[in-house]
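Hi,

Here is the structure I promised to pass on to you.

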Amino acid sequence: MNSKFSLTVILFLLFVSLGYSQTATIKGVILNDKNTPISKVNIKAGSVGTETNENGFYSLKIPANQDIPIEFSHLVYKKIIITFNLKNGETHEFNPVMNTAIEQIATVVVSGKRRKDVEGITTLKPETIRKIPGANAGVENLLLTLPGVSNNNELSTQYSVRGGNYDENLVYVNGIEVYRPFLIRSGQQEGLSFVNTDLVQNVDFSSGGFQAKYGDKLSSVLDITYKNPYQFEVNVDLSLLGGSISVENISKDSKFSSIVGLRYRDNGLLVNAKETETNYDAAFADAQAYLTYKFTDKFHLSFLGNASLNKYSYQPQTRQTNFGTLADPLALLVFYEGQEKDQYQTAFGAFKGTYFANDDLTLHAIASTYHTTEEEYFDILAQYRLGEVNTNIGDENLGEVEFSEGIGGQLNHGRNDLDALITTVEHKGDLKIDDNRIEWSVKYTNEDIRDRLVEWEVIDSAGFSIRPPHIDAFNEQPYTPFEGPIEAFQNVRTTNNTKINRLQAYAQWSKRSVIGTSDVWYNAGLRVHNWSVNGDASTALSTSSKKSQTVFSPRAQFAIKPYWEKDMLFRIAGGLYYQPPFYRELRDADGVVQPNVKAQQSFHLVLGNDYSFKMWNRPFKLTTETYYKNLSDVNPYTLENVRIRYSANNSAKAYAYGLDMRLNGEFVPGTESWFSFGYLKTEENINNRGYIARPTDQRLKFAALFQDYVPNIPNMKMYLNLVFNTGLPGGSPSYADPYEYQNRLPSYKRADVGFQFVIVDDKKQFNSGWKKPFKELSFGVEIFNIFDVQNSITNTWVRDVYSKRQYAIPNYLTPRVFNVRTTMKF
């Protein structure tokens with residue numbers, strides 16, 4: 001790369017020179033008014049043109065950043081003339097319907113993003129998602145570069161949004177809600193996200209103020225659409241972290257289409273680089289399929305299926321962590337015995353029938369089932385020495401513990417089993433009347449969950465058992481003999497057989513109109529959610545404790561685009577958002593289900609502005625949102641790594657407010673990059689003891705996603721992913737009173753970079769030789785945590801029995817790691 005760009009990697013500069021002509025691609029499938037593909041449609045844009053194949057598919061390159069009229073013509077059908085203005089490198093999907101009734105002419109095409117902007121939705125390109133490097137590459141990896149979205153653990157795909165926790169985010173795939181495992185407690189156990197990036201066609205994300213058609217959560221919506229294939233295609237992605245393969249196909253009569261994906265992941269490259277020496281053996285694999293059959297032009301039936309198997313075996317051996325100061329260096333040396341063995345098996349299947357009654361009315365019927373069986377078994381004995389470190393340079397014992405200030409041990413035991421079956425039946429409708437749009441849904445869900453928790457922890461310091469934290473009598477051994485019974489430091493034993501029935505419904509109205517010379521958009525809707533919780537008499541939850549509750553959630557949005565010289569869009573959204581408790585929110589710190597837990601409530605107000613402009617004669621957009629949340633009936637929780645434990649008593653009230661800003665555009669010609677900034681403050685008041693920071697109080701967030709290429713070698717690409725988050729409140733012992741412990745973890749700083757050399761792509765095809773079979777082929781190197789920053793997610797607490805002092809030893813995340821990767825398409 002040239003010298004200016006080399007500085008970009010380190011100093012994040014933004015300027016490079018333009019190296020080649022600018023083009024965009026328009027592609028799609030052309031259908032008639034009976035939804036049948038039309039072949040031999042002539043498509044002409046100036047002096048270039050093409051025609052559709054037997055499946056109605058076409059692809060055409062056009063000049064970028066200018067108005068380009070395109071004509072679609074056929075001997076049987078009326079022609080369509082429409083004008084596009086696309087960004088350099090943009091691929092736009094346009095699927096026109098041709099008929100014999102009228103001639104269809106449009107002056108300008110709005111790319112579809114305007115409607116999303118009006119709704120406050122961010123749309124991410126699948127091509128960008130697949131290219132950006134990260135320890136957990138995929139949709140969630142890209143979300144972390146957006147303002148308001150945070151995660152301080154690169155081994156996890158979970159994320160918090162604007163002060164919410166990991167359980168407050170909705171995820172849909174093709175309109176069907178999906179779930180994640182229950183018992184996960186650390187990022188390195190997680191494995192694969194449900195979303196298979198190879199199958200993705202469209203990604204929409206809303207970080208608040210979303211419409212009533214989305215479900216009952218407090219924080220965000222991730223709405224994924226999988227592909228509808230139009231031709232045979234194979235995609236392969238291989239790296240040292242695993243691999244994936246997907247196959248797309250469509251029948252000759254275009255009635256049946258299918259896309260199937262297989263994935264395998266092994267976190268060993270990352271886990272083995274951490275400071276704890278282990279025997280680590282983990283296999284995360286899944287298979288997904290999305291199938292569609294068009295019985296008639298009016299009725300389509302689709303199936304979405306997923307089966308995954310995650311096996312995790314962990315045998316820690318030794319660990320040495322150096323901490324303290326230069327003047328007083330300390331070290332923790334730990335020797336382990338035992339192991340942890342976990343297994344998570346999930347199966348998900350959903351049928352979706354769609355009936356196109358006419359051009360204005362569409363009806364859907366959805367039936368889905370999610371089944372997970374999870375096992376978490378561990379017996380790990382940790383024996384430690386805590387002491388001063390030899391700092392004499394040249395000494396053969398340099399870095400070793402010379403004087404032990406504390407010795408002890410810790411034995412953790414767990415036998416946790418969970419079996420959950422979630423079944424859903426739903427009807428949806430979509431009706432257009434002139435400029436009005438009405439959407440509605442009725443949904444029934446049955447959740448049957450069987451859970452056994454057996455966990456205990458024994459802590460020994462200098463040969464004397466440490467008493468449980470809730471017991472007032474402190475063990476004064478060895479100075480004073482203690483004759484009471486020996487108790488485990490922590491002990492949880494419970495069995496829950498819980499059933500939850502839910503009935504949900506929504507109705508919403510949308511309209512586009514004009515006020516004076518300004519375009520305006522309206523949306524208003526109402527959700528209702530009724531649920532009941534019950535269990536059998538053999539559990540901590542009895543049948544007499546059955547509880548039924550109902551909540552109503554009104555929501556509204558308004559957007560206006562004035563007819564100004566500057567391209568501005570203003571929007572406001574708000575309403576009451578409820579989160580009826582899922583199973584994990586019903587279970588208290590002792591594992592007992594509390595059926596009386598109420599839905600957490602949030603009054604949410606969002607003000608937003610989009611400013612689109614040109615800089616360096618290239619398109620840019622600055623998005624700004626300010627938000628406020630007032631929360632009541634809050635269910636307090638503790639957060640350790642990715643494990644959330646609720647108090648299950650609705651004993652708090654809280655608030656959150658902040659500012660999110662994102663500047664995106666072509667900082668480098670032909671590539672999209674962005675820079676994000678977020679400010680957040682969220683606090684809670686538990687039992688009227690006063691306001692303190694919530695576990696997700698991530699005050700400042702900076703992130704950048706930067707794409708570039710070598711001007712003289714345009715096939716050499718570079719992708720840079722930067723995240724900086726200020727420290728979270730946390731790292732305290734699990735039993736600590738949050739009002740007495742408000743320290744923060746260190747800031748999270750991470751930079752991942754990827755270099756990719758493109759051999760074959762849509763601009764560079766070969767008709768002979770070994771490259772001929774490939775539609776795309778590239779090789780690359782990725783460097784995770786390029787600056788080798790020591791980030792920590794939790795602390796290990798070790799106590800000195802003599803001084804009664806406790807030491808917080810940070811548990812560091814992954815260091816710098818190198819990965820190689822190749823992608824190909826046939």
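Predicted model: local features only at pLDDT ≥ 70, side-chain atom pairs only at ≥ 80, totals over all residues.

**A charge over a ring**

Let's start with Lys-217, which lies over the face of Phe-582, 5.8 Å from the ring centre. Arg-662 does something along those lines with Trp-674: its charged end sits over the ring, 4.3 Å from the centre.

**The chain as a whole**

Now zoom out a bit. The chain has 826 residues, and 54% of them count as buried. If you count the secondary structure, you get 6 helices and 45 strands. The accessible surface of the chain comes to about 35,600 Å², and 55% of that belongs to carbon and sulfur atoms. Contacts are worth a look too: among those between residues at least 6 apart in sequence, 67% join residues at least 24 apart.

**Aromatic rings**

How many aromatic pairs does the count come to? The count comes to 35 aromatic pairs. One of them is Tyr-58 with Phe-72, an edge-to-face pair with 5.7 Å from centre to centre and 75° between the planes. Tyr-58 belongs to strand β5 (residues 57-63) and Phe-72 to strand β6 (residues 68-73), so this pair ties together parts that are 14 residues apart in sequence. Both Tyr-58 and Phe-72 are buried.

Phe-72 also pairs with Phe-94, and that pair is tilted, at 5.8 Å centre to centre with 55° between the planes. Here distant parts of the chain are linked: Phe-72 is in strand β6, while Phe-94 is in the loop between β8 (91-93) and β9 (97-98), 22 residues apart.

With a relative accessible area of 9%, Ile-82 is buried.

Then go to Gln-698, in the loop between β38 (691-693) and β39 (700-710). Gln-698 counts as buried because its relative accessibility is 5%. Which residues is Gln-698 in contact with, leaving aside its neighbours within four places in sequence? They are Ser-150, Asn-152, Leu-680, Asn-725, Thr-726, Gly-727 and Leu-728.

**A patch on the surface**

Finally, turn to the outside. Ile-572, Phe-603, Leu-605, Leu-607, Tyr-628 and Tyr-657 form a nonpolar patch on the surface, and together they have about 480 Å² of accessible area. Strand β32 (residues 600-615) supplies the largest share of this patch, 3 residues. Leu-607 has its place in that strand, β32. Leu-607 counts as partly exposed because its relative accessibility is 39%, and partly exposed covers values between the 20% cut-off for buried and the 50% cut-off for exposed.

Cheers

Terms used: Residues numbered from 1 in each chain as written. Heavy atoms only, no water. Patch = residues over 30% accessible without salt bridge, like charges linked within 9 Å, V, L, I, M, F, W, Y side chains within 5 Å. Areas by Shrake-Rupley, 256 points an atom, 1.4 Å probe, with all protein chains shown as cover. Salt bridge = Lys/Arg side-chain N within 4 Å of Asp/Glu carboxyl O. Helix = DSSP H or I, 4+ residues; strand = E, 2+ residues; numbered from the N terminus. Buried < 20%, exposed > 50% of the residue type's maximum accessible area, 1.4 Å probe, protein only. Contact = heavy atoms within 4.5 Å. Phe/Tyr/Trp six-rings, centres within 6.5 Å; stacked < 30°, edge-to-face > 60°. Lys NZ or Arg CZ within 6 Å of the ring centre and 35° of its normal.
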